[in-house]
Amino acid sequence: MQKTTSRHFFLLAMCGLLALASVALTGCSGRSTHPTPELESVAWWEENDATPWAESLDEEARFVLSREVLLDTAEVALGTPYRSGGTSLGSGFDCSGFVQWAYKSLGIDLPRTAREQATFGEPVSRDELREGDIVAFRHPRRGYHTGIYVGDGKFIHSPRQRSSVKIVSLDSAYFKPIFIGARRLPVPDNEMIAEAMARLEEYRAFKATKPQFTAPRRTAKSKGRSSR
């Protein structure tokens, strides 16, 4: 699986710790009422040893790991131009095409349109948002729009013509009044996550051939992108 299994060993250990912490906080309920730690705080290991990754991750650990891979995959598309009907890293995305593409990397098939995505999966309120949730909007004239929550009140999306994939705030003047909710999708199994890790490396290699389509990644120091 190329370099992916070894470089995520440390992340898997951290996922286990997060899962234990979640159980400690929630008792028997198994569901945390506290904000999820930012996934960006979990470091990637770059060592090239052949350490096999754990097969016994619980659901919370798989959730954290899968959403980290999802967001890293989505960020590969930063700077990719908007294209009506687009579903490709090579040629561009529309809003729902981008969300569908990112989740397909995890082996999760989404409906094609933003309207369908806005009602797909488990509904969650804004104060329950976790990284990787789908966020949905409805403009009275432009219709439905979807993106992927990245934490800290921001989401990544493919906005409109003559623009590109970017990270923006849910509280922007444009998006705050048209926010209609969020959806959470099932947690993939270990095999699906492992395959997503391999795809991530392939996407990064492909994107490296298109330096004109690059944009800043989400970091602790680079939050607060332009509004739309």
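This report covers the sheet, the salt bridges and a charged surface patch of a predicted model.

## The sheet

Six strands form an open sheet. Their order is β3-β8-β4-β5-β6-β7, and the pairing is antiparallel. Two strands stand at the edges: β3 (122-124) and β7 (166-169). Each has a single partner strand, so one side of each is left without a neighbour in the sheet. From one strand to the next, the twist averages 40°.

In general, strands of a sheet pair through backbone hydrogen bonds, in a parallel or antiparallel sense.

## Salt bridges

Side chains of opposite charge can pair when their charged atoms come close. The model has 8 salt bridges, counting a side-chain nitrogen of Lys or Arg within 4 Å of a carboxyl oxygen of Asp or Glu.

One of them joins the side chains of Arg-204 and Asp-72, at 3.4 Å from N to O. Arg-204 belongs to helix α6 (residues 190-207), and Asp-72 to helix α3 (residues 59-76). The pair therefore ties together parts that lie 132 residues apart in sequence.

## A positive surface patch

Which residues gather in a patch of positive charge on the surface? They are Arg-141, Arg-142, Arg-160 and Arg-162.

Conventions
Residues are numbered from 1 along each chain as its sequence is written. This is a predicted model: local features need pLDDT of at least 70, side-chain atom pairs count only at pLDDT 80 or more; totals for chains, interfaces and linings use all residues. Side-chain values use heavy atoms; hydrogens and water are left out. Patches are made of residues with over 30% relative accessible area and no salt bridge: like charges are joined within 9 Å, nonpolar side chains (Val, Leu, Ile, Met, Phe, Trp, Tyr) within 5 Å. Accessible areas come from the Shrake-Rupley method with a 1.4 Å probe; for residues, only the protein chains shown count as cover. Lys and Arg count as positive and Asp and Glu as negative; His and the chain ends are not counted. The place of a charge is taken as NZ of Lys, CZ of Arg, CG of Asp or CD of Glu. Two strands pair if DSSP finds at least two bridges between them. Helices (H or I, at least four residues) and strands (E, at least two) are DSSP runs, numbered from the N terminus. Axes are lines fitted to C-alpha atoms, for helices over the stretch in contact, and angles run from 0 to 180 degrees between N-to-C directions.
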